[in-house]
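Open the model in a viewer and keep the selection panel at hand.

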Amino acid sequence: MEDTICAIATSLGVGAISIIRVSGMSAIKIVNSLFKGPNLTKVASHTINYGYIYDNDEVIDEVLISVMRAPKTYTIEDVVEINSHGGLNITNKVLELLLEKGCRLAEPGEFTKRAFLNGRIDLTKAESVNDLINAKSDAQRKLALNNLKGKLGNEINNIRKEIVTVMANIEVNIDYPEYEDINVVTNENLIPQLKKIKKELEVMLQNSQNGRLINEGINIAIVGKPNVGKSSILNHFLGTDKAIVTDIAGTTRDIVEGQITLEGFLINFIDTAGIRETLDVVEKIGVEKSKKAIAEADIVIIVLNNNEKLSTYERDLIKSVPEEKRIIFVNKSDLVNNLEVEDDYILGNTMESSGLDSLKRGIIDKLHLESILTKDMTYMSNARQIALLKKALNSLKGALDNLDKKIPIDIVEIDITNAWNLLGEITGETYQDELIDTLFSNFCVGK
Ligand SMILES: Nc1nc2c(ncn2[C@@H]2O[C@H](COP(=O)(O)OP(=O)(O)OP(=O)(O)O)[C@@H](O)[C@H]2O)c(=O)[nH]1
Ligand SMILES: [Mg+2]
């Protein structure tokens, strides 16, 4: 943190402008030593200054330099941003000069890491900076922005406050049992308080599923017998002939994937090999992959052929997929109906693109995609946060179990404190250096 760090913040390549970012105690002094224009050590904070970058007597570029003095900056340190002309030679040259004058090259994410270590942002906000940069869908961007505003961090802090109140009451009772005017902590008043907190954590955990759908995208497997039209459906949704379609049963032998966005969500369609008993080695592997895709998918579209009777295999397939992730699409409605199905289905055909909008609607409704986006979107956004939340919840359950068993209160308190600490790890209130290093190493250089 003593070092003054620098990095090229824009992507390396030819462009109109590049930004080289500098942060630290000597940022302004170092940049000023390369600059001809107004004296940067004297200019007001948060100003943009016009001039030239020099390497001794040689002009390197005509630039605009933003000077932002601590503490109202990204890192809370002095920050200088050099807007140079875009392009590899200029940006590398400016970076070289900064390094010569005593800056150190920033590690990936080091500017954001400093913002965290200097206390400007908590860990959930830091993570959302990276999520925002990597967002591929509207939903991802919205969630990241929401967490960047601190909604998730606030919600966790509020729950931690409730836990601290409980902990303080227990402490007073342990330390001053002889005082009569303090609230005596009894199981009767402790249990409802802890149950309320437990409920709040459970709701948060349920909602974290929404965060997962937003960030990882939604996997939709298209499955069924050979030749029912699975690949035709995939091609329809992707708007290209990605998968080969023929009238030969067993055309698709490996998984074919393609992505679209639907209602702002990233959707990954997985077209699978038609499942049937087969002796063909390649097809057999394909069939195994299809089964795996069914198990891992968020939604399974079971495609049936309107023109053929329901087979035993198809009846079993329908039964094997839980209703909350199953959509039955009866394809080839342009052909004579020979099929009977008892379960709910959507009818259509890929020849006339009929019923395929209803199929889309079915996906949106099945996953409640609209309400995920209209809710306040305070969702956990990654596996690290969710794992800690689960652990905190388990600790709290442990405390409640122990209260039930009439275990002494000071032992119960250990689990409660543990839950409080684990939630603190989500926001980075408590953290291990190693975790912080790994987390920020996933960031871009210059962020
Ligand atoms: N009549 C009619 N034919 C269709 C329809 N959809 C697809 N087909 C035809 O059915 C045949 C099989 O289509 P595919 O999309 O390859 O079927 P699949 O389920 O991917 O087949 P496999 O990859 O072998 O498992 C092709 O000849 C398609 O043109 C439809 O709605 N109506
Ligand atoms: Mg196919």
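Axes here are lines fitted to C-alpha atoms, for helices over the stretch in contact, and angles between N-to-C directions run from 0 to 180 degrees. The model is a predicted one.

Select residues 123-134, helix H4, together with residues 138-148, helix H5. Their axes come within 8 Å and cross at roughly 155°. Angles over 145 degrees count as roughly antiparallel, so H4 is roughly antiparallel to H5. The crossing of these two helices is left-handed. To see the contact, show side chains for Thr124, Lys125, Ser128, Val129, Asp131 and Leu132 in H4, which meet Gln140, Arg141, Ala144, Leu145, Asn147 and Leu148 in H5. Coloured by class, the contact of H4 with H5 shows five nonpolar, four polar and three charged residues.

Next, select ligand 1 and the 23 residues that surround it. The closest are Gly229, Ser231, Thr252, Gly274 and Asn349. Helix H8, residues 230-238, supplies the largest share of this shell, with three residues. By class, the shell around ligand 1 holds twelve polar, seven nonpolar and four charged residues.

Finish with helix H13, residues 383-404, and helix H14, residues 409-427. The axes of H13 and H14 come within 8 Å, crossing at roughly 165°, which means that H13 is roughly antiparallel to H14. H13 passes H14 in a left-handed crossing. The contact of H13 with H14 has 13 nonpolar, five polar and three charged residues.

Methods. Residues are numbered from 1 along each chain as its sequence is written. Chains are lettered from A and ligands numbered from 1 in the order in which they are written. This is a predicted model: local features need pLDDT of at least 70, side-chain atom pairs count only at pLDDT 80 or more; totals for chains, interfaces and linings use all residues. Helices (H or I, at least four residues) and strands (E, at least two) are DSSP runs, numbered from the N terminus. Angles under 35 degrees count as roughly parallel, over 145 as roughly antiparallel, 65 to 115 as roughly perpendicular and the rest as oblique. A crossing is left-handed if the near helix is turned anticlockwise from the far one by less than a right angle, and right-handed if clockwise. Ala, Val, Leu, Ile, Met, Phe, Trp, Tyr, Cys and Pro count as nonpolar, Asp, Glu, Lys and Arg as charged, and the others, Gly among them, as polar. A residue is near a molecule or strand if its C-beta atom, placed from the backbone, lies within 6 Å of it. Two residues are in contact if their C-beta atoms, placed from the backbone, lie within 7 Å.
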